[in-house]
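Subject: Structure handover

Hello,

Here is the structure you asked about. Please open it alongside this note; my findings follow below.

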Amino acid sequence: MQPRNMSMSGVVDLAAVKAAQEAKAKAEQARAEAARQGGGPGAVSPADLVIDVDEAGFESDVLQRSTEVPVVIDFWAEWCEPCKQLSPVLERLAVEYNGRFLLAKVDVDANQMLMQQFGIQGIPAVFAVVAGQALPLFQGAAGEAQIRQTLDQLVQVAEQRFGLTGLTVDPDAEPGGSPAAAEKAPAGPYDALLEAAVRALDSGDLGGAVQAYKNVLSEDPGHPEAKLGLAQAELLQRVQGLDLQQVRRDAADRPGDAQAQITAADLDLVGGHVEDAFGRLIDTIRRTAGDERDTVRLRLLELFEVVGTDDPRVASSRRALARALF
């Protein structure tokens, strides 16, 4: 297991929607298998929301569970005084958030390999794993307000981008119930269409993926997963087959050519150069007018959707766009 860093405000992950659907599919398969074996759906107790994890159980207790619920990892040690202050706060919040995330506690003295794999230089250190992807949350002492803000963002991203709504908690349930038996909401009305989009992406049929997401949005225009999926699939479709070097030359040779700058901005974004893509289009908006300017503005708004409207780079670029327009 080699964790991957994934900032919540982070880099553009053009496979995010596909990963989300795969994570949901795995969770649904696990629940179906548990029901087939007689486990059936059920609820966890509040005591099950905080677990001790070691290297041997990391795969099942963290990675597999993260396809159902965000798993927050608290790396601690008995000798660490800040850990003794932070850990009780995380444990209390795990119960207070009522199944929106699972807290996994890792004693670094007993699990040196996990500490090394996560690249931890000091403790306390807090990470999360969402749909099998690891991301750092914070290191060192943190105030409760900051912790709550981070957790709120985590559960929002997990739900909106990965469809992870957490665990059902029953105060009367016996501790130690089967994780795979946690009760979930019934399958949504658009799951078949979203799965069709994933299959299209798997086969390289970007046009089919675009249409599948549009089919969802025709019924539910605000569906967050479909909006993100459509924006990303359309971006991939636009850059497919482009000559990277030629696009770069065209953009450099024709700074006033709106279409050349739009195409280069698409490639910037696919390459993970988010601020370059946004800055290129905002500069182009300053140099253009009329319908041409509006075309560039609309493409910029589309790229905002690809990155995610909660990303701070989107917020700052919206302000720069307003200044460029007015």
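A disulfide is a pair of cysteine sulfur atoms within 2.5 Å. By that test, the structure holds 1 disulfide. Keep in mind that this is a predicted model.

The disulfide joins Cys 80 and Cys 83, with 2.4 Å between their sulfur atoms. The torsion about the S-S bond of Cys 80 and Cys 83 is about 80 degrees, so this disulfide is right-handed. Is Cys 80 buried or exposed? Cys 80 has a relative accessible area of 2%, so Cys 80 is buried. Cys 83 also counts as buried, at 2% relative accessibility.

Next, the sheet. It is open and has 5 strands, in the order β1-β3-β2-β4-β5. The pairing is mixed. β1 (50-52) and β5 (133-139) are the edge strands, and each pairs on one side only. From one strand to the next, the twist averages 25 degrees. β1 and β3 run parallel and are joined by 3 bridges. Asp 52 stands opposite Lys 105 in β3. Helix α5 (residues 144-162) lies across β2, β4 and β5. Helix α5 runs at about 165 degrees to β5.

Now the cores. In soluble globular proteins, nonpolar side chains tend to be buried together. Here the largest nonpolar core has 30 residues. Phe 58, Val 62, Ile 73, Phe 75, Phe 118, Ile 120 and Ile 123 touch the most other members. At least two residues of this core come from each of α2 (58-64), β2 (71-76), β3 (102-107), α4 (112-117) and β4 (125-130). β2 gives the most, with 4 residues. A second, separate core has 27 residues, including Val 247, Ala 258, Ala 265 and Ile 285.

Last, the aromatics. How many aromatic pairs does the structure hold? The structure holds 6 aromatic pairs. One of them is Tyr 97 with Phe 101, edge-to-face, 5.5 Å centre to centre and 65 degrees between the planes. Both residues are buried: Tyr 97 has a relative accessible area of 13%, and Phe 101 has 0%.

Phe 278 and Phe 304 also pair edge-to-face, 4.9 Å centre to centre, with 90 degrees between the planes. Phe 278 sits in helix α11 (residues 274-287) and Phe 304 in helix α12 (residues 290-307), so the pair ties together parts that are 26 residues apart in sequence. Phe 278 and Phe 304 are buried.

Ring pairs also link Phe 58, Phe 75, Phe 118 and Phe 127 into a cluster.

Best wishes

Technical notes:
Residues numbered from 1 in each chain as written. Predicted model: local features only at pLDDT ≥ 70, side-chain atom pairs only at ≥ 80, totals over all residues. Heavy atoms only, no water. Core = buried A, V, L, I, M, F, W, Y, C linked by side-chain atoms within 4.5 Å. Buried < 20%, exposed > 50% of the residue type's maximum accessible area, 1.4 Å probe, protein only. Pairing = 2+ DSSP bridges. Axes fitted to C-alpha atoms, helices over the stretch in contact; angles between N-to-C directions. Contact = heavy atoms within 4.5 Å. Phe/Tyr/Trp six-rings, centres within 6.5 Å; stacked < 30°, edge-to-face > 60°.
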